[in-house]
Amino acid sequence: MDASLAWRQIAAGVVPRCERCSVLARPDVVFFGEALPARYHECRHADTETAIDALVVIGTSLVVYPFAGLCNEVPLMAARLLINREPVGPFKRVVEPDAQAHNYRDVVRLG
(Lines give C-alpha, C1' and ligand atoms only; values in the text may rest on other atoms or scores of the structure.)
Protein backbone atom coordinates (compact mmCIF):
# COMPACT_ATOMS: atom_id res chain seq x y z
CA MET A 1 0.00 0.00 0.00
CA ASP A 2 1.23 3.47 -0.84
CA ALA A 3 2.10 5.22 2.44
CA SER A 4 1.03 8.66 1.23
CA LEU A 5 -2.40 7.28 0.30
CA ALA A 6 -2.73 5.64 3.72
CA TRP A 7 -1.85 8.91 5.48
CA ARG A 8 -4.39 10.84 3.38
CA GLN A 9 -7.05 8.29 4.29
CA ILE A 10 -6.17 8.50 7.98
CA ALA A 11 -6.28 12.31 7.86
CA ALA A 12 -9.74 12.08 6.28
CA GLY A 13 -10.94 9.77 9.07
CA VAL A 14 -11.03 6.69 6.83
CA VAL A 15 -9.48 3.39 7.95
CA PRO A 16 -6.95 2.42 5.27
CA ARG A 17 -7.54 -0.81 3.34
CA CYS A 18 -5.36 -2.77 0.94
CA GLU A 19 -5.89 -1.57 -2.61
CA ARG A 20 -5.80 -5.16 -3.98
CA CYS A 21 -7.80 -7.21 -1.47
CA SER A 22 -9.60 -4.62 0.72
CA VAL A 23 -8.24 -6.10 3.97
CA LEU A 24 -7.69 -3.57 6.73
CA ALA A 25 -4.17 -2.13 6.61
CA ARG A 26 -2.21 -2.47 9.82
CA PRO A 27 1.08 -1.02 11.02
CA ASP A 28 4.27 -3.05 10.77
CA VAL A 29 4.35 -3.78 14.51
CA VAL A 30 3.81 -6.76 16.75
CA PHE A 31 0.78 -6.40 18.98
CA PHE A 32 0.55 -7.88 22.48
CA GLY A 33 -0.06 -11.62 22.28
CA GLU A 34 1.31 -11.99 18.75
CA ALA A 35 4.45 -13.97 17.99
CA LEU A 36 7.60 -12.04 17.16
CA PRO A 37 8.87 -12.49 13.60
CA ALA A 38 11.31 -15.36 13.00
CA ARG A 39 14.00 -12.81 12.06
CA TYR A 40 13.94 -11.47 15.64
CA HIS A 41 14.90 -14.87 16.98
CA GLU A 42 17.46 -15.44 14.22
CA CYS A 43 19.34 -12.19 14.90
CA ARG A 44 18.78 -11.63 18.62
CA HIS A 45 21.90 -13.23 20.06
CA ALA A 46 24.31 -12.14 17.33
CA ASP A 47 23.06 -8.55 17.59
CA THR A 48 23.19 -8.33 21.38
CA GLU A 49 26.57 -10.02 21.81
CA THR A 50 28.73 -7.70 19.72
CA ALA A 51 26.86 -5.17 17.64
CA ILE A 52 25.65 -2.86 20.42
CA ASP A 53 27.56 0.15 21.74
CA ALA A 54 24.48 1.78 23.24
CA LEU A 55 20.91 0.74 23.97
CA VAL A 56 18.09 3.30 24.06
CA VAL A 57 14.86 2.19 25.74
CA ILE A 58 11.88 4.52 25.37
CA GLY A 59 8.33 4.37 26.75
CA THR A 60 7.96 0.85 28.09
CA SER A 61 7.03 -1.14 31.16
CA LEU A 62 9.70 -3.77 30.41
CA VAL A 63 7.28 -6.44 31.57
CA VAL A 64 6.60 -8.49 28.42
CA TYR A 65 9.28 -11.03 27.49
CA PRO A 66 11.35 -11.77 25.49
CA PHE A 67 11.77 -8.08 24.66
CA ALA A 68 12.04 -7.05 28.32
CA GLY A 69 15.10 -9.23 28.74
CA LEU A 70 17.11 -7.49 26.03
CA CYS A 71 18.34 -4.84 28.49
CA ASN A 72 20.30 -7.52 30.31
CA GLU A 73 21.72 -9.13 27.16
CA VAL A 74 23.80 -6.26 25.81
CA PRO A 75 27.59 -6.23 26.37
CA LEU A 76 28.71 -5.04 29.82
CA MET A 77 30.41 -1.97 28.33
CA ALA A 78 27.37 -0.91 26.29
CA ALA A 79 25.73 2.28 27.55
CA ARG A 80 22.03 1.97 28.41
CA LEU A 81 19.62 4.93 28.34
CA LEU A 82 16.03 4.79 29.59
CA ILE A 83 13.61 7.58 28.63
CA ASN A 84 10.37 6.83 30.42
CA ARG A 85 7.75 8.09 32.87
CA GLU A 86 9.09 5.83 35.61
CA PRO A 87 12.11 3.63 36.22
CA VAL A 88 11.52 0.05 35.08
CA GLY A 89 13.39 -3.25 34.92
CA PRO A 90 17.11 -3.00 35.63
CA PHE A 91 16.84 0.80 35.56
CA LYS A 92 15.00 0.84 38.92
CA ARG A 93 18.36 0.47 40.66
CA VAL A 94 19.79 3.53 38.90
CA VAL A 95 17.55 5.99 40.71
CA GLU A 96 18.39 4.69 44.19
CA PRO A 97 20.46 7.18 46.26
CA ASP A 98 23.71 5.18 46.40
CA ALA A 99 23.44 3.63 42.92
CA GLN A 100 25.59 6.17 41.08
CA ALA A 101 28.73 5.12 42.93
CA HIS A 102 28.64 1.73 41.19
CA ASN A 103 26.90 2.68 37.95
CA TYR A 104 29.14 3.07 34.93
CA ARG A 105 26.73 2.67 32.02
CA ASP A 106 23.10 3.47 32.86
CA VAL A 107 21.31 6.78 32.44
CA VAL A 108 17.65 7.40 33.28
CA ARG A 109 15.63 10.39 32.07
CA LEU A 110 12.16 10.51 33.60
CA GLY A 111 9.33 12.73 32.52
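The backbone oxygen of Glu86 lies 3.1 Å from a polar atom of the Asn84 side chain. This pair falls within the polar-contact criterion (N or O atoms within 3.5 Å; within protein, one able to donate a hydrogen and the other to accept it; residues adjacent in sequence count only if both atoms are side-chain atoms). The model is predicted: local features need pLDDT of at least 70, side-chain atom pairs count only at pLDDT 80 or more, and totals for chains, interfaces and linings use all residues. Residues are numbered from 1 along each chain as its sequence is written, and side-chain values use heavy atoms, with hydrogens and water left out.

Asn84 lies in strand E2. Its side chain also places a polar atom 3.3 Å from the backbone nitrogen of Gly59. Asn84 counts as buried because its relative accessibility is 9%. Buried means under 20% relative accessible area, exposed over 50%, and partly exposed in between (1.4 Å probe, protein chains only). With neighbours within four places in sequence left aside, Asn84 is in contact with Ile58, Gly59, Thr60, Arg109, Leu110 and Gly111. Contact here means heavy atoms within 4.5 Å.

The chain holds two helices and three strands. From the N terminus, the order is α-α-β-β-β. The radius of gyration is 19 Å, well over the 13 Å that the globule rule gives for 111 residues, so the chain is more spread out than a compact globule. That radius is taken over C-alpha atoms, and the rule is 2.2 Å times the number of residues to the power 0.38. Helices (H or I, at least four residues) and strands (E, at least two) are DSSP runs, numbered from the N terminus.

Along its principal axes, the C-alpha trace spans about 60 × 35 × 25 Å. Of the 111 residues, 24% count as buried. The accessible surface comes to about 8,300 Å², and carbon and sulfur atoms account for 59% of that area. Areas come from the Shrake-Rupley method with a 1.4 Å probe; for residues, only the protein chains shown count as cover. Among contacts between residues at least 6 apart in sequence, 54% join residues at least 24 apart.

Helix H2 covers residues 38-50 and bends by about 40 degrees at Arg44. The bend is the angle between axes fitted to the seven residues ending at a residue and the seven starting there. Arg44 is also one of the buried residues of H2, together with Tyr40, Cys43 and Thr48. Thr50 is exposed, because its relative accessible area is 65%. Thr50 and Arg93 are 43 residues apart in sequence; their C-alpha atoms are 25 Å apart in space.

Strand E1 (residues 54-58) has alternating side chains. Leu55 and Val57 point to one face and are buried. E1 runs parallel to E2 (residues 79-84), joined by five bridges. Two strands pair if DSSP finds at least two bridges between them. Ala54 has Ala79 as its bridge partner in E2.

Asp106 sits in strand E3, residues 106-110. Asp106 counts as buried because its relative accessibility is 11%. Its side chain makes a polar contact of 2.7 Å with the side chain of Arg80. Beyond neighbours within four places in sequence, Asp106 is in contact with Arg80, Phe91 and Val94.
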